[in-house]
There are 2 protein chains.
Amino acid sequence: MILLFFTNLFPICYAQEIRWEPVAPGIWKGITGSPEDFDLLSAATPEPRMEAIAKLGEAAFPLDSTETLARQSDGKTYLKFPLVREEQLFGFGLNFKTVHQRGRILRLHVDHYGGVDNGRTHAPVPFYVSDRGYGIFVNSARYLDVYAGSGSRLDSKDPALARDRNTDPNWTASPYSDAVEILVPADGVEVYLFAGPTPLKAVQRFNLFNGGGPLPPRWGLGFTQRVHRLYDQAEVLAEVDEFEKRGFPLDFVGLEPGWLSKSYPNTFDWDPGRFPDPEGLVASLKKKGVGLNLWINPYVSPDADFFSELTPYYGSHTVWAGAVPDLTMQEAQRIYWQKFKKDHVDIGVSGYKIDEVDGYDRWLWPDVASFPSGLAAEQLRQTYGLLVQKQSARLYRDKNRRTYGLVRASNGGGVRFPYVLYNDYNNHKDFITALINSGFSGILWTPEARASDSAEEWLRRFQTVVFSPMAMINAWASGTKPWTYPEVASEVKAMALLRMQMMPYWYSSFARYHFEGIPPFRGMNLEPGFVEKPAGDGIRKVDLEANPYDEATKKEIKDQYMAGPSLLVAPFFAGESSREVILPEGNWYDFYDGSYAGNGEIITVTARLDQIPVFVREGGIIPLTGPRLHAPGEGETFDLEIRHYGETASSFYLYDDDGVSFAYEKGDYSWREIRVEKDENGNWNGSISRAEAGKPDHIGKVSWTFMTKP
Amino acid sequence: MILLFFTNLFPICYAQEIRWEPVAPGIWKGITGSPEDFDLLSAATPEPRMEAIAKLGEAAFPLDSTETLARQSDGKTYLKFPLVREEQLFGFGLNFKTVHQRGRILRLHVDHYGGVDNGRTHAPVPFYVSDRGYGIFVNSARYLDVYAGSGSRLDSKDPALARDRNTDPNWTASPYSDAVEILVPADGVEVYLFAGPTPLKAVQRFNLFNGGGPLPPRWGLGFTQRVHRLYDQAEVLAEVDEFEKRGFPLDFVGLEPGWLSKSYPNTFDWDPGRFPDPEGLVASLKKKGVGLNLWINPYVSPDADFFSELTPYYGSHTVWAGAVPDLTMQEAQRIYWQKFKKDHVDIGVSGYKIDEVDGYDRWLWPDVASFPSGLAAEQLRQTYGLLVQKQSARLYRDKNRRTYGLVRASNGGGVRFPYVLYNDYNNHKDFITALINSGFSGILWTPEARASDSAEEWLRRFQTVVFSPMAMINAWASGTKPWTYPEVASEVKAMALLRMQMMPYWYSSFARYHFEGIPPFRGMNLEPGFVEKPAGDGIRKVDLEANPYDEATKKEIKDQYMAGPSLLVAPFFAGESSREVILPEGNWYDFYDGSYAGNGEIITVTARLDQIPVFVREGGIIPLTGPRLHAPGEGETFDLEIRHYGETASSFYLYDDDGVSFAYEKGDYSWREIRVEKDENGNWNGSISRAEAGKPDHIGKVSWTFMTKP
């Protein structure tokens with residue numbers, strides 16, 4: 001036992017300002033200490049879309065750089081960024097219960113979501129955006145401890161006030177904090193700062209710096225059904241036929257673990273009993289216009305044919321007795337993915353659902369695991385979702401075919417990967433909160449529909465799936481079909497067909513994610529003119545200055561969101577008969593009938609079983625195609641019905657390309673301007689520009705509907 | 001962005017065996033890497049009770065040392081200890097919902113308990129004990145990640161079996177693991193191994209190595225009432241008088257924050273309005289035989305008279321706007337505690353309740369805080385409870401007066417401190433689980449009684465308080481008195497007086513904690529002859545060999561415990577009309593009437609409002625004194641009624657000393673042998689040995705009751 005007598009006083013202030021250097025217009029990199037070689041960006045290797053960033057314009061450094069501080073101590077890096085009174089923060093990845101992050105304490109840790117927003121989630125992206133119009137990204141593949149305006153410093157310029165709890169009714173358990181502080185367990189780290197001037201612009205810069213959002217194949221935005229886990233080949237084909245017969249749309253079918261000869265851990269071989277002819281299956285489905293997605297988790301069964309070859313590249317610990325390939329290593333990647341190429345991708349499988357790369361601790365490798373690359377278990381945990389996305393997507397890129405799949409873990413750096421997050425946690429309201437949060441963090445999320453307690457719940461879940469990045473039913477356990485609840489089958493079908501009609505709108509919205517960094521689904525707090533706390537009389541009179549921070553964050557709006565450029569979606573949840581919707585400033589119109597809904601106010605909407613409330617902003621243009629069972633195929637021409645809402649002349653940029661390949665990366669795409677304006681007689685007129693010569697043009701007949709009657 | 005191409009394979013096996021050296025009989029120290037200077041033992045500075053350890057005997061090294069492994073990597077130390085099939089683990093501090101720890105994943109982190117046993121708790125002691133009769137202690141003041149038989153290694157000798165989840169009904173989500181692995185975020189660490197041969201012996205060695213349990217003053221084992229937080233001096237005195245008048249026992253009164261002129265943060269000054277004459281108050285109470293305990297938390301108000309003097313010794317962050325003294329530093333200790341000495345201890349205050357040294361993160365200093373000693377926030381977090389216990393206890397030791405108080409955080413190394421843990425979490429069942437777990441980890445816990453939803457609940461809570469290390473009512477918010485529920489006031493009073501009658505038994509039980517390391521309150525799993533899974537027919541037929549580990553841990557017995565050498569306590573919780581009790585092997589008798597209860601079987605007990613079921617082992621001897629309102633004072637002689645249970649001759653060692661000072665440390669104590677045996681006529685006879693000449697003797701008249709009728 002040692003008695004310690006400390007004689008020296010160590011400095012308790014931050015020693016250094018972070019040195020920032022511009023790396024793109026409105027983007028700065030800060031380095032403190034000696035950053036590690038392996039981080040989120042080196043795992044994900046995004047290529048910044050510099051031209052697109054340049055189009056967002058130059059911007060002034062958005063913070064006082066003397067207040068962005070760092071120090072190294074105890075083998076760790078301590079970061080500090082300033083906050084001002086009333087400032088609100090968003091982001092930190094896939095949270096399910098909260099949108100506002102100021103005041104919260106998070107340990108960012110890739111994990112199965114455990115029901116509490118504490119940083120353990122499928123995509124704990126270390127990026128936050130402020131309502132003051134800037135964002136900060138910490139490029140570390142470590143577990144990060146974040147105090148997002150929690151923890152008051154003795155030397156603060158704007159310190160918390162000491163109060164006597166015995167007698168002062170204004171005493172609070174959570175005193176004011178004027179900083180975000182982050183603990184990075186490494187001797188140094190890279191940090192990126194993204195300017196706005198708006199929060200959306202900061203998010204766009206972040207997304208574009210990470211390569212922009214993925215552009216899914218057109219079929220990826222159609223419908224997908226994940227069939228029962230033990231279906232055989234004949235049952236799959238029968239189910240696909242049943243969709244066709246009943247007139248329900250379907251673009252790809254997902255097979256759950258039963259396609260494998262052994263699962264948990266996996267051989268990655270087709271089960272010869274249930275799936276005797278995989279190539280035949282894929283070919284039959286293709287004829288029906290339906291793709292095939294395969295569930296996997298990455299863990300290798302001792303019975304996998306490549307198990308021995310991979311032996312030098314396994315981590316120390318197993319997952320369900322399956323070996324864990326160290327996918328940071330090139331040779332491991334080569335051995336591992338060639339199996340997928342040969343047995344799945346080469347025969348026409350359209351994509352993967354990559355499960356259980358998130359956690360939780362009981363399943364995954366423990367933090368005491370070691371890996372042959374020498375990286376820590378923690379580093380693999382934080383990046384495994386990125387690695388499997390990147391490496392599996394590469395199999396498709398090598399074939400010049402786009403994919404669009406599902407993954408259960410991601411992280412910062414993964415913006416461009418064509419994967420949508422999902423999980424087992426089946427809370428409908430929280431699924432919508434996750435959809436909102438996905439837009440702050442460069443990730444995509446599907447509120448998949450699963451078996452429900454009632455027909456109403458099924459329909460309500462289905463309605464939100466239609467307004468999401470992946471329109472999916474997950475029947476792996478239940479075998480539920482879209483028509484399983486006959487009381488609402490016609491409403492479900494109508495919603496499904498609406499999704500298909502909206503394909504041109506969705507595809508253009510994703511193109512803007514790719515080319516401009518605008519999230520196709522995003523929270524209201526990124527919307528100009530949105531005010532979170534309208535007064536009770538429905539008129540926006542709130543004075544945030546007058547309200548202390550604590551109260552300003554108490555009311556969170558997490559039940560409405562933006563879908564594409566013009567739509568505000570306000571879902572109903574089972575059991576609700578009416579709800580409030582906060583409309584941002586500007587006129588808003590009912591999506592279904594074009595009637596005026598309101599402007600900068602709270603409105604109350606009465607529930608209708610057949611509709612999910614959707615509102616269109618002033619001048620909104622929604623390009624639709626006809627109801628259809630499959631997304632337009634490669635080279636297929638489709639007609640447009642273009643709807644215009646409101647009383648203002650406006651335009652919409654319609655994106656077009658071949659819908660399946662990477663030709664668009666070489667410029668093989670069109671942006672066509674749709675314009676709606678009044679002629680000299682006061683009648684609405686619509687026009688659409690031509691595609692440039694030699695560029696994609698899949699538009700057939702165009703019709704116009706001016707939804708808002710004078 | 002850097003593309004990483006790893007070319008070398010790092011070793012994924014453990015590099016080194018831990019080198020063990022014996023440090024006491026049956027105790028070994030292992031060192032790996034370069035341990036830090038500051039650890040739990042250097043914070044707590046216990047002095048091992050070497051003589052007492054020697055009495056437990058030599059023991060063989062209890063593990064295969066080639067299987068105790070360590071390595072350093074990534075600035076961390078990785079520890080691995082073996083497990084065999086069926087082995088069960090206990091410990092890791094103050095868990096509230098679980099007793100069995102095998103298979104669990106914990107991050108040991110001093111914190112407010114958040115409702116989940118995940119390692120965040122008031123005393124996350126890094127010590128575990130195996131049912132195979134050994135214990136392991138990791139002497140680190142860091143947050144430790146523990147995989148207690150979770151995480152299966154690819155190179156395991158007894159690996160988890162890969163199964164096909166598609167078709168194998170025996171597939172499990174938690175495959176078998178044959179190791180405890182612990183991640184210590186430091187370049188090295190000290191580990192201690194404690195031999196048995198029984199689990200209890202291993203616990204005893206651990207406790208004695210840490211200085212042995214505290215010996216409370218006799219009054220500490222009497223009753224204590226914590227009064228309403230805003231009571232003034234007159235109200236306190238009136239309440240004490242009311243206890244006397246109604247005939248309810250009371251040994252010390254606790255004042256909550258209202259005694260302070262300012263609280264949260266604190267001045268540590270008496271409030272001149274509510275407490276104009278503290279010395280007078282203490283003196284008046286003393287005359288009534290009642291001590292005074294003061295609530296504090298350690299955080300310093302800017303209005304404290306010593307605030308400025310302490311300025312160089314504050315951490316970077318505040319707690320409720322109060323400054324946090326770096327109590328690892330000698331000068332800080334001097335300035336800080338002299339206030340307590342002068343204003344409280346010197347005027348006769350008997351002890352403290354030291355609150356909020358645990359967490360949670362929102363209140364306490366964040367992990368990004370820094371301290372003038374140069375220690376990390378994490379290290380202060382893990383040890384602050386130890387530091388305040390040690391330093392406040394020293395104030396009393398300096399006066400040769402014992403104290404006995406309350407504290408909300410502790411850790412390994414703190415066994416000897418005269419403090420009992422408590423918290424805000426008010427679940428009666430979980431309070432009992434905590435009481436059980438306290439005995440595995442060298443800590444004390446009180447299941448304090450607070451305001452209850454019903455008279456029945458109040459009584460049930462009160463009954464368990466009577467069989468606990470501190471018999472406390474906490475009325476800080478409610479103002480509840482023992483007689484608040486008139487329907488049960490007489491039963492409460494009878495229970496309270498039973499506690500007082502049992503003082504000789506309790507005091508001797510604590511003496512054994514101090515001198516022999518036997519926890520006065522402990523789980524059944526430390527009891528010889530206890531089998532956790534009796535068969536349904538009430539006869540012990542269980543064959544653990546035949547049951548896989550997973551199932552063996554599913555059933556946890558956490559509703560009965562041992563109190564002192566001979567008593568098995570099986571509380572009722574509100575609403576229960578009957579319950580099962582598992583009796584270990586050997587005859588057991590009803591505490592109240594001496595009747596035979598059973599032997600190595602499950603019995604069913606019917607609820608009685610006036611009794612908490614208690615059973616006495618064969619030959620149990622329970623020394624009682626008369627019903628009384630205060631514990632025996634210094635030098636006071638008291639009579640004994642000695643009860644004997646069962647049909648076997650037996651003995652009991654009764655401890656005696658002055659009850660208030662540290663004279664016992666200089667040998668000024670007696671152990672007197674009580675013997676009960678049958679004479680030649682078959683009649684029971686009792687005898688008690690004399691105290692050695694010059695040694696304490698406070699026993700007056702002795703009477704005998706042979707409880708079990710032939």
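Is Phe340(B) buried or exposed? In this predicted model, Phe340(B) is buried, because its relative accessible area is 0%, and buried means under 20%. Tyr336(B) also has a relative accessibility of 0%, so it counts as buried too.

Those two rings belong together. A pair of aromatic rings is described by the distance of the centres and the angle of the planes. For Tyr336(B) and Phe340(B), that gives 4.9 Å centre to centre and 45 degrees between the planes, a tilted pair. They sit four residues apart in helix α6 (residues 330–345) of chain B, which means about one helical turn separates them.

Hop over to chain A, and Phe340(A) pairs with Trp337(A): this one is tilted as well, at 4.7 Å and 50 degrees. Both Trp337(A) and Phe340(A) are buried.

Back in chain B, ring pairs also join up into a cluster made of Tyr404(B), Phe467(B), Tyr505(B), Trp506(B), Phe510(B), Phe521(B) and Phe652(B). Some rings have a charged neighbour instead: Arg71(B) lies over the face of Tyr78(B), 3.9 Å from the ring centre, and Arg85(B) does likewise with Tyr176(B), at 3.5 Å.

Now for a couple of loops. Asn681(B) lies between β34 (670–678) and β35 (684–688) of chain B, and with 61% relative accessibility it counts as exposed. Its C-alpha atom is 67 Å from that of Tyr336(B).

In chain A, the loop between β6 (89–91) and β7 (104–110) holds Thr98(A), which counts as buried at 14% relative accessibility. Its side chain makes a polar contact with that of Arg104(A), at 3.4 Å. Thr98(A) also touches other residues, including Asp117(A), Thr433(A) and Glu556(A).

Key
Residues are numbered from 1 along each chain as its sequence is written. Chains are lettered from A and ligands numbered from 1 in the order in which they are written. This is a predicted model: local features need pLDDT of at least 70, side-chain atom pairs count only at pLDDT 80 or more; totals for chains, interfaces and linings use all residues. Side-chain values use heavy atoms; hydrogens and water are left out. Helices (H or I, at least four residues) and strands (E, at least two) are DSSP runs, numbered from the N terminus. Buried means under 20% relative accessible area, exposed over 50%, partly exposed in between (1.4 Å probe, protein chains only). A polar contact is a pair of N or O atoms within 3.5 Å; within protein, one must be able to donate a hydrogen and the other to accept it, and residues adjacent in sequence count only if both atoms are side-chain atoms. Contact means heavy atoms within 4.5 Å. Rings of Phe, Tyr and Trp (its six-membered ring) pair if their centres lie within 6.5 Å; planes under 30 degrees apart count as stacked, over 60 as edge-to-face and the rest as tilted. A charge sits over a ring if NZ of Lys or CZ of Arg is within 6 Å of the ring centre and within 35 degrees of the ring normal. Lists of a residue's contacts leave out its neighbours within four places in sequence.
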